[in-house]
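Work through the exercises below with the model open. Try each task before reading its solution.

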Amino acid sequence: MMKKKASPAPARLLPSRTAVKRAAATPPAKAQVIRFAVIGDSHVGYGNSSGIFKNLLPKAVSGVKPGFVIFGGDNAQAGADHGNHADAYYKDFKDTVLSTLGSIPYKASIGNWEASTRPLFTKYLGAVSGQMNFPGTQGKVKYVWLDCALGQFSPASLALLKKLDDKHFYVIDFHWPLKIAGITVEPSHVLSQSETSKFFMAIPPKARNRVLAIFTHHGHLFYRKLDHIYPGFATTKFFVCGCSGDYKCKPNGDRGYYDGALTMNGNQVSVEAFQVKVV
């Protein structure tokens, strides 16, 4: 009995020369860079803060126009004189922001000088804590701002942190600096170890490597630590800035802001921020 001849294996289709040429000509995906600025402690209403802020803010948005501006609290010296001039100080701050930024989106955190005037803060600058899409990232990166105006995180702020997930990246801002090993901020202007621990422990373990950067203020100087800021947060970057007004700021160039860049390249997302001094 003759054996049945095996059928030949199906021919493997090879890509056409046109397809090969097209693939070779397709460049790799280009990284997307979103520029942003971080400005803290303008203290409008104190000394010459209004004039200093009006000089600094246009410089922060000139040149490479940022797609987002973060204001880190003590935006207005609202609590001074028992809040008697708070409305005027908030209005001065917001008028400067709107006239300078135009269509550039912004968000302000609440600081200790605004804590006693929360209704006015909300009227002029919105919610004291919350979460939004970081502009320009198509929802891939979330911006989270928290309320620790009096040196303690509000229950609503801690609740926000507990909801962070591993499907987004995060940039977080609040007024008081965390107690990070080696920090050079005056200790009286740094959160307690207890509050610092509350902050970090509120963030679910699955989200900890998704926190790109934490921006804080209040210390009236610039400081940064770029890795291992706390156990479990090996890649999170930590920043302090707070010198855009006349409150405890020096006229020798120490005033300034952070020029930030958020880079998205496929599944890789990173944040860089560099101090820019303004005389």
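The exercises go from the whole chain to single residues.

**Exercise 1. Overview and confidence**

Solution: 
- The model is predicted.
- Of its 279 residues, 51% are buried.
- The accessible surface is about 13800 Å², and carbon and sulfur atoms hold 57% of it.
- Take contacts between residues at least 6 apart in sequence: 69% of them join residues at least 24 apart.
- The average pLDDT is 91, and 89% of the residues score at least 70.

**Exercise 2. The faces of a helix**

Task: Explain why the buried residues of H2 line one face of the helix.

Solution: 
- Start with the span. H2 covers residues 49-60, twelve in number, and reaches 16 Å from its first C-alpha to its last. That is close to the 16 Å expected at 1.5 Å a residue.
- List the buried positions: Ser49, Ser50, Ile52, Phe53, Leu56, Leu57 and Ala60.
- Look down the axis of H2. The buried residues fall within an arc of 150°, so they line one face.
- Recall the general rule. An α-helix has 3.6 residues a turn, so residues three or four places apart point the same way.
- Find the partners. The buried residues of H2 pack against strands S1 (32-39), S2 (69-71) and S10 (256-265), and against helix H3 (86-101).

**Exercise 3. The nonpolar cores**

Task: Which residues have the most contacts inside the largest nonpolar core?

Solution: 
- The largest core has 31 residues. Ile172, Phe174, Leu178, Phe199 and Ile214 have the most contacts inside it.
- Helices H5 (155-162) and H6 (193-202) each give two or more residues to this core, as do strands S6 (169-173), S7 (211-216) and S9 (237-240).
- Another core, of 29 residues, lies apart from it; Ala37, Val97, Ile104 and Val278 are among its members.
- Now take Phe174. Leaving out residues up to four places away in sequence, Phe174 touches residues including Leu146, Phe153, Leu191, Phe199 and Ile214.

**Exercise 4. Positive phi**

Task: Where do His82 and His218 lie, and what are their phi values?

Solution: 
- Most residues other than glycine have a negative phi.
- His82 has a positive phi of about 60°. His82 lies in the loop between S2 and H3, and at 78% relative accessibility it is exposed.
- His218 has a positive phi near 75°. His218 lies in the loop between S7 and strand S8 (223-225), and with a relative accessible area of 5% it is buried.

Note on methods: Residues are numbered from 1 along each chain as its sequence is written. This is a predicted model: local features need pLDDT of at least 70, side-chain atom pairs count only at pLDDT 80 or more; totals for chains, interfaces and linings use all residues. Side-chain values use heavy atoms; hydrogens and water are left out. Helices (H or I, at least four residues) and strands (E, at least two) are DSSP runs, numbered from the N terminus. The expected span of a helix is 1.5 Å times one less than its number of residues. Buried means under 20% relative accessible area, exposed over 50%, partly exposed in between (1.4 Å probe, protein chains only). The arc is that of the directions from the helix axis to the C-beta atoms. Contact means heavy atoms within 4.5 Å. A nonpolar core is a set of buried Ala, Val, Leu, Ile, Met, Phe, Trp, Tyr and Cys residues joined through side-chain atoms within 4.5 Å. pLDDT is the predictor's confidence in each residue, from 0 to 100. Accessible areas come from the Shrake-Rupley method with a 1.4 Å probe; for residues, only the protein chains shown count as cover.
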